[in-house]
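Morning, everyone. I have one structure to go through today. Please look at the sequence and the model on the screen.

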Amino acid sequence: MATMDNFIDIINKEIDNYTKDTLKGIEARLDETADKILEYLSSNTPRSGRTGALADDFVKEVSGSGITKTITIYAKTKGSITHLVEFGFNHKSGKYVASRPFLRPAFDALTPKMLEDIREIISGK
């Protein structure tokens, strides 16, 4: 027969299981989205036609775990030119080089779906 103490222990155990399962689901979804962003950047970043192009320079770096997990995506060696391609610039000759956005479209395309998936994971759907 279940006593009040057993009932509380059962509830605490279920909450703990829910929390662990939810956290695993969120972490998996974050990793999946980061991989999709890398794929998007690789296929949509302007290419110079040379080896070592900006599109091939993006990497994913994971730090922390659980609720403090952070995934950073950045251009490993060509980060100093990323903003120039994304936003455009005036060349030293005076010619304007038009922007060719690739970071913001990746964010706009993939983040809403990730957030919806996380909401579903949390609600247990």
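Which residue takes a positive phi in the hairpin of β1 and β2? That is Gly64, with a phi near 75°. Keep in mind that this is a predicted model. The hairpin has six residues between its strands. The strands themselves are β1, residues 58-63, and β2, residues 70-75. They pair in the antiparallel sense, over six bridges. Look at Ser63 next. Its opposite number in β2 is Thr70.

Now the helices. We describe two packed helices by the angle between their axes and the distance between those axes. Take α1, residues 4-44, and α3, residues 103-123. Their packing angle is about 165°, and the axes are 10 Å apart. Roughly antiparallel starts over 145 degrees, so α1 and α3 are roughly antiparallel to each other. The crossing of α1 past α3 is right-handed.

Who meets whom? On the α1 side, the residues include Tyr18, Thr22, Gly25, Ile26, Arg29 and Leu30. Further along α1, Thr33, Lys36, Ile37, Tyr40 and Leu41 also take part. On the α3 side, the list includes Leu103, Pro105, Ala106, Leu110, Lys113 and Met114. Asp117, Ile118, Ile121, Ile122 and Ser123 of α3 belong there too. By class, the contact of α1 with α3 has 14 nonpolar residues, four polar and four charged.

Let me pick one residue out of that contact. Thr33 sits in helix α1. Is Thr33 buried or exposed? Its relative accessible area is 5%. The cut-off for buried is under 20%, so Thr33 is buried. What does Thr33 touch, leaving aside neighbours within four places in sequence? Leu110 and Met114. Both are on the α3 side of the helix contact.

Last stop, Glu86. You will find Glu86 in helix α2, residues 79-87. Its relative accessibility is 6%, so Glu86 counts as buried as well. Again, set aside neighbours within four places in sequence. Glu86 is then in contact with Ser99, Arg100, Pro101, Phe102, Leu103, Arg104 and Pro105. Two of those names, Leu103 and Pro105, came up in α3, where they meet α1.

How far is Glu86 from Thr3 in space, C-alpha to C-alpha? The distance is 63 Å. In sequence, Glu86 and Thr3 are 83 residues apart.

That is my tour. Over to you.

Note on methods:
Residues numbered from 1 in each chain as written. Predicted model: local features only at pLDDT ≥ 70, side-chain atom pairs only at ≥ 80, totals over all residues. Heavy atoms only, no water. Axes fitted to C-alpha atoms, helices over the stretch in contact; angles between N-to-C directions. Helix = DSSP H or I, 4+ residues; strand = E, 2+ residues; numbered from the N terminus. Parallel < 35°, antiparallel > 145°, perpendicular 65-115°, else oblique. Left-handed = near helix turned anticlockwise from the far one by under 90°. Contact = heavy atoms within 4.5 Å. Nonpolar A, V, L, I, M, F, W, Y, C, P; charged D, E, K, R; others polar. Buried < 20%, exposed > 50% of the residue type's maximum accessible area, 1.4 Å probe, protein only. Pairing = 2+ DSSP bridges.
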